[in-house]
Amino acid sequence: MDFGFLAQHLFNGLMLGVIYAMIAVGFSLFFGVLDVIKFSHGDVVTLGAFTALGATALVGALVPVPGLALILGLLAAVAAGMAAGVLIGGTLVLPLRNAPPVNVLLITLMAGTILREAIRLGVPNGGNPKPFPALLPDQQITAGSFSVGVDSVAILLAGLAAIVATHGLVTRTRLGLAIRAVAQDPEVACLSGIDFRRTVLGTFALGSALAAVAGCMLGLYYREINFSMGLVLGVIGFAAAVVGGLGSLLGPILGGFLFAGVQTLVTVSVPSASAYKDVAAFAVVIVLIGLFPTGLISERSSERV
């Protein structure tokens, strides 16, 4: 088999793995601090992508400075994602923290539907796919029959950096200490002086910011976004978090790369069945959940996010 063909699919698998991991980490963070599943998380990915698209178009029209549109678009996406996370967490999830889990699941699912439909109806021709501008250098890196764009490499490195930065924030900062304390024992954390509400909202802002950045990465990589992109991405991110280990930090990252790895393996080994790569990946997730009910990296109370 051609080396360039394999290398190209390996690169695509790494790119998808990073994006899935970023989304899955958000699910795990939310579950870690409140034991809730926020099913509007996938639609925050869409919000980030469309916010970046609007911001880059506005900045490009007003101040055509190379690189400025990308920076401000990314910042706008992160701000929108954080605002959505804090709004949903503060007004919908926290008031229901003592309610049955299905109530939170349902209300966040409805919030995601409202957000998705708001994008479809609020954006001109929002029901149609939107081209995403090329904001990064388009030079190619070539090695034999393998060729990859500089922009794709930059997107991959940015995603890896975002994951590493999130891990460092959770494990090495005061906010991370507060998050881990609340996840470990909320009552003791409050008695020790930690502001429970502020910590939870900070966690929702962090996880939602990661999702928004993932949306920007998808737009930059595929050069196209649509209002329903968050539906499947949310399910994949949740599946990756569950199979990796909800409540942990490394588990969802592993789950994201595993899901992308199965998709890539199906595409490479059976090209004619590439349309069924998601089916194969979900089937593997089902089997792994049956074998490892608590996830590949099972949560221990001393290691919870």
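How far apart do the end C-alpha atoms of residues 143–170 lie, and how much of the span is helix and how much strand? I looked this up first. The end C-alpha atoms lie 38 Å apart, and the span is 75% helix and 18% strand. I note here that the model is predicted.

I then looked at residues 69–95 in the model. This part of the chain is 93% helix and 0% strand, with 38 Å between its end C-alpha atoms.

**Entry: cysteines**

How many disulfides does the structure hold? I found zero. For my own reminder, a disulfide is a covalent bond between the sulfur atoms of two cysteines. I also looked up the accessibility of two cysteines. Is Cys216 buried or exposed? Cys216 has a relative accessible area of 5%, and buried means under 20%, so Cys216 is buried. Cys190 has 38% relative accessibility. That value falls between the 20% and 50% limits, so Cys190 counts as partly exposed.

**Entry: aromatic pairs**

I looked up the aromatic pairs, and the count is seven. One of them is Phe27 with Phe39, where the ring centres are 6.5 Å apart. The angle between the planes is 70°; over 60 degrees counts as edge-to-face, so this pair is edge-to-face. Phe27 belongs to helix H1, residues 3–34. Phe39 is in the loop between H1 and helix H2 (41–62). The two residues are twelve residues apart, and the pair links distant parts of the chain. Phe27 is buried, at 1% relative accessibility, whereas Phe39 is partly exposed, at 24%.

I went on to Phe259 and Phe282, which also form an edge-to-face pair. I noted 5.0 Å centre to centre and 75° between the planes. Which helices does this pair link? Phe259 is in helix H10 (residues 250–269) and Phe282 in helix H11 (residues 277–291), 23 residues apart. At 3% relative accessibility, Phe259 is buried. Phe282 has 25% and is partly exposed. I also noted a cluster: ring pairs link Tyr20, Phe259 and Phe282.

**Entry: a charge over a ring**

Which residue lies over the face of Phe227? I found Arg120 there, at 6.0 Å from the ring centre.

Definitions and conventions: Residues are numbered from 1 along each chain as its sequence is written. This is a predicted model: local features need pLDDT of at least 70, side-chain atom pairs count only at pLDDT 80 or more; totals for chains, interfaces and linings use all residues. Side-chain values use heavy atoms; hydrogens and water are left out. Helices (H or I, at least four residues) and strands (E, at least two) are DSSP runs, numbered from the N terminus. A disulfide is a pair of cysteine sulfur atoms within 2.5 Å. Buried means under 20% relative accessible area, exposed over 50%, partly exposed in between (1.4 Å probe, protein chains only). Rings of Phe, Tyr and Trp (its six-membered ring) pair if their centres lie within 6.5 Å; planes under 30 degrees apart count as stacked, over 60 as edge-to-face and the rest as tilted. A charge sits over a ring if NZ of Lys or CZ of Arg is within 6 Å of the ring centre and within 35 degrees of the ring normal.
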